[in-house]
Amino acid sequence: MINAGVLGSPIAHSLSPLLHQTAYQLMGIAGKYNAYEVASGQLQNFLAGEGRELNCLSLTMPLKEEALTIAEHVADISRQIASGNTLVKKSDGWHLTSTDVEGFNYALLSSGKSEIKSLLVIGAGATARAVVAACAGASISVIGRSSARLNSLQVAAPNSDFTFLQWGSEVDFNSFDLVVNTTPGDSAEIYANMVVNPRSTLFEVIYNPWPTKLLAAWKNSGAASIDGLDLLIHQAISQIQLFSGVEVNRAFLAKELRTKALATLG
């Protein structure tokens, strides 16, 4: 039986338990899935203690990088992006992978976008690495507070050309096919005032707060956008397939899970 959970800090806002439990019910799969508050540096202790009976895990901030140090087996995609959001316990130990790249690609496809030639990423952390890996080959600009993380982004997307922009600098959103905000909370609020008749698409990868001020400004402009629920749902569906070993009707399940999540967010 699936005995699963989502780990991270803070975790109280997470919709992952709702999504996974709903999916298990729709699929007729026996499984439990709960949220656990696990702070940075505490993953190993949790797995040896409170979480010792768990066999399938979703990871969020701040554990996606820490997981690389405790897994016995690490998938190539997790090595490439130096991050993992999925742990599955097998007879030979914990197996780490990431469904963020696949989830991002499915979210793009479901919105009708299939080819990205120019990309602007706001933020330079673990989620940003997944985003650039998903858009490998595109011309990529990254807005960050420090260029120190640029090297890891280049490793995640070695076939892309990168430009680094200092946090707070003026940006012409219309220079890009896709703008992706990966920063937490309303960190990117300073860019909401720069949203003036954008022709590009905004992909806001977070859903707390709902909506972010940047996403609200983008929607008010009438421009195309993709919200954080799509990434959350599609990476979760990929996890559900890994946890259960069952292929799912992704389009059907994504629609059902989005309806459930929207009812909760209000």
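I note that the model is a predicted one. The split into two pairs follows the general rule that side chains in a regular strand alternate between the two faces of the sheet.

I then looked up the neighbours of β11. Strand β10 (residues 178–181) runs parallel to β11 and is joined to it by 4 bridges; Asn-181 stands opposite Glu-204. On strand β12 (residues 225–226), also parallel to β11, I found 2 bridges, with Ser-225 as the partner of Leu-202. From β11 the chain passes through helix α7 (residues 213–220) to β12 in a right-handed β-α-β crossover.

I recorded Lys-213 with Glu-189, whose closest N and O atoms are 3.3 Å apart. Lys-213 belongs to helix α7 and Glu-189 to the loop between β10 and β11, so this pair ties together parts 24 residues apart in sequence. Lys-213 is partly exposed at 42% relative accessible area, and Glu-189 is partly exposed at 35%.

I also recorded Asp-227 with Arg-258, at 2.6 Å from N to O. Asp-227 sits in the loop between β12 and α8 (228–244), Arg-258 in helix α9, 31 residues apart. Asp-227 is buried at 7%, whereas Arg-258 is partly exposed at 22%. Through shared partners, salt bridges join Asp-227, Asp-230 and Arg-258 into one network.

How values were computed. Residues are numbered from 1 along each chain as its sequence is written. This is a predicted model: local features need pLDDT of at least 70, side-chain atom pairs count only at pLDDT 80 or more; totals for chains, interfaces and linings use all residues. Side-chain values use heavy atoms; hydrogens and water are left out. Two strands pair if DSSP finds at least two bridges between them. A crossover is right-handed if, with the strands pointing away from the viewer, the path from the first strand over the helix to the second runs clockwise. A salt bridge is a side-chain nitrogen of Lys or Arg within 4 Å of a carboxyl oxygen of Asp or Glu. Buried means under 20% relative accessible area, exposed over 50%, partly exposed in between (1.4 Å probe, protein chains only).
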